[in-house]
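Dear colleague,

I am handing over the structure below, and my notes on what was found in it follow directly after. Please read them alongside the coordinates.

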Amino acid sequence: MNNILLKIRSFFYLLPNIVEVLFSKPETIDYPAVSNKLSASYRGSIRIISENCVGCGLCVRDCPAQALALEKESKHSFRLIHYRDHCASCGQCEMSCKFNSIYLDNSYKEASADRKDFFKVLVDNTNKK
Ligand code: SF4
Ligand code: SF4
């Protein structure tokens with residue numbers, strides 16, 4: 001079979017798929033412009049109850065992705081920082097925290113084209129010296 005016949009055969013073989021794709025709804029959404037409906041059990045975003053955080057650093061110690069950092073100036077003066085672009089959303093920090101301060105929920109809305117947006121100060125007690 002020559003090359004042209006092969007191409008024609010391939011075209012007609014793929015035609016039903018091409019027609020289906022052209023007339024079906026898109027599988028993707030225009031996220032984040034369009035809100036994404038996540039399952040209730042999805043855990044993707046780090047949340048913090050800053051009043052509960054004592055700066056013990058257990059979450060930082062146990063994070064397997066080094067996505068958390070604690071900048072400590074004194075016992076009660078510290079900053080807890082989250083690097084979203086490192087985070088694997090594994091939930092280890094939530095399990096390690098003894099003070100119910102850090103947890104994950106399903107409100108993932110953190111898409112960005114700018115890497116700076118993935119740097120987040122979760123707790124800042126440095127002005128409370
Ligand atoms: S969810 Fe996992 S990877 Fe993300 S900050 Fe917590 S421990 Fe680190
Ligand atoms: S979030 Fe919890 S584990 Fe992490 S520093 Fe604060 S109190 Fe400690």
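**Fold and overall form**

Along the sequence, the elements of the protein come in the order α-β-α-β-β-α-β-β, which amounts to three helices and five strands. Its radius of gyration is 24 Å, well over the 14 Å that the globule rule gives for 129 residues, so the protein is more spread out than a compact globule. Please bear in mind that this is a predicted model.

Among the contacts with a separation of 6 or more, 72% are between residues 24 or more positions apart.

**Surroundings of ligand 2**

Ligand 2 is surrounded by 13 residues, of which the closest are Cys53, Cys56, Cys59, Cys97 and Ile102. By type, the shell around ligand 2 consists of nine nonpolar and four polar residues, with no charged residue in it.

**Two residues with positive phi**

Although Ser89 is not a glycine, its phi is positive, at about 55°; Ser89 sits in the loop that runs between strand E3 (77-83) and helix H3 (92-96). Because 15 other C-beta atoms lie within 10 Å, Ser89 is classed as partly exposed.

Asn100, likewise a residue other than glycine, has a positive phi near 50°, and its place is in the loop between H3 and strand E4 (102-105). Asn100 has 10 C-beta neighbours inside 10 Å and therefore counts as exposed.

Definitions and conventions:
Residues are numbered from 1 along each chain as its sequence is written. Chains are lettered from A and ligands numbered from 1 in the order in which they are written. This is a predicted model: local features need pLDDT of at least 70, side-chain atom pairs count only at pLDDT 80 or more; totals for chains, interfaces and linings use all residues. A residue is near a molecule or strand if its C-beta atom, placed from the backbone, lies within 6 Å of it. Ala, Val, Leu, Ile, Met, Phe, Trp, Tyr, Cys and Pro count as nonpolar, Asp, Glu, Lys and Arg as charged, and the others, Gly among them, as polar. Helices (H or I, at least four residues) and strands (E, at least two) are DSSP runs, numbered from the N terminus. A residue is buried if 20 or more other C-beta atoms lie within 10 Å of its own, exposed if 12 or fewer, and partly exposed in between; C-beta atoms are placed from the backbone. The radius of gyration is taken over C-alpha atoms; the globule rule is 2.2 Å times the number of residues to the power 0.38. Two residues are in contact if their C-beta atoms, placed from the backbone, lie within 7 Å.
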